[in-house]
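Let us walk through this chain from its overall build down to a single residue. Keep the model open as you read.

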Amino acid sequence: MTKLIVLLVAAVFFASAAAPTHAAAPAETTGQILAKVSKLPAEQRQKVLMERAKAEGEVAFYSSLQAQQIDPFIRVFQKRYPFIKVNPYRVSGNRQVLKIQTEMNAGNHLFDVTNGSSEQASAIKKIGALDPYFAPQRDFYTAPNKDKDGYFVSFYVIPIVLGYNVKMVKPAELPKTYDDLLHPRWKSNMFFDDEAYEWSAVLQKHMGRDKALQYMRSLAKQDLRMMRGRTQQTQLLAAGERPIAIVLSGHTVLDLKAAGAPVDQVILDPYFAQANKLMLARHAPHPHAAALFYDWALSEEGQSMITTFGRVVARKGVKQRFPELVQKEYFLVDVDFIGPIMDQTGKEFSQIFLGR
């Protein structure tokens, strides 16, 4: 976790430690409940899940999907399972970890399924809020997109690109390497994500620690406009606020380009993608409905719906909306990679680019 997450989680813990417990944790965890059901033959398993999900009647989904994407996604699920009401809550980034931690400290088990970045997934697992679930749909995902212990599956992946305004960057000037960003012409002309910790980690893996840190210190001298929110950066890029944004979501750039905005993207080495993970609550209040929702979200139908948002999915055989983002092999930043180095990487990034 970043230093900020650690401090905030600590504050939440001590503030709520004396609070009364509103609901005791169930005797069995969600994973234990579903493991018993999973021993049944496939058809019987599905029948049992549906019968018990009908009795539960709802499922709580904490999601980092954009607000305008959550409702269409849910509608397709509820068309297939009309007896389950999905209660969504849009939350992302550090706020997602803090919300779940706060609820746990108060003894409130409120969410069933959540999705978030590998960084957030690692932190949520660390606080004990998740349970393993070996969903049958995991068979359609390659090893880099699922962990061996059953906690995570890639809900979607986000290839990271450099975005630029085609009206402001001449073709001959277009950066082809990260070193090109150190050219004087780009000083005071670039956006940069103020939580690009995974970018920092990948750069260190690719260049070596010392060389990468030296490069980042040089880049920090380029008077970057540090911002949180890659969607907002892409919109400002299209508006001509600055000609370049270093770390953007590839699908967002191409989505705006398809809508006629003067933006495009280029892939720099090292090319990497952030894995956004689907996770199951350790004490889900609606475990069987949670399993149905989880299974469907990873199914061909669920993943095909995700691609309509322009997002890249990891499930085998699903047609991508932006195939150009997967034509070049990328390094997947998953929980196993970022989890052990997250604290150190976050501190180094903040010291170099934010002076704290």
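This is a predicted model: local features need pLDDT of at least 70, side-chain atom pairs count only at pLDDT 80 or more; totals for chains, interfaces and linings use all residues.

Residues are numbered from 1 along each chain as its sequence is written, and side-chain values use heavy atoms, without hydrogens and water.

The chain has 14 helices and 10 strands; these are DSSP runs numbered from the N terminus, with helices being H or I of at least four residues and strands E of at least two. The radius of gyration is 21 Å, close to the 21 Å of the globule rule for 356 residues, so the chain is as compact as a globular protein of that length. That radius is taken over C-alpha atoms, and the rule is 2.2 Å times the number of residues to the power 0.38. Along the principal axes, the C-alpha atoms fill a box of roughly 65 × 45 × 35 Å.

Of the 356 residues, 56% count as buried, meaning under 20% relative accessible area (1.4 Å probe, protein chains only). Contacts are heavy atoms within 4.5 Å. Among those with a separation of 6 or more, 78% join residues 24 or more positions apart.

Now take isoleucine 246. It is found in strand 7 (residues 244-249). Is isoleucine 246 buried or exposed? Isoleucine 246 is buried, with a relative accessible area of 1%. Leaving aside neighbours within four places in sequence, its contacts include Val161, Leu162, Tyr178, Phe191 and Leu219.

Definitions and conventions. Buried means under 20% relative accessible area, exposed over 50%, partly exposed in between (1.4 Å probe, protein chains only).
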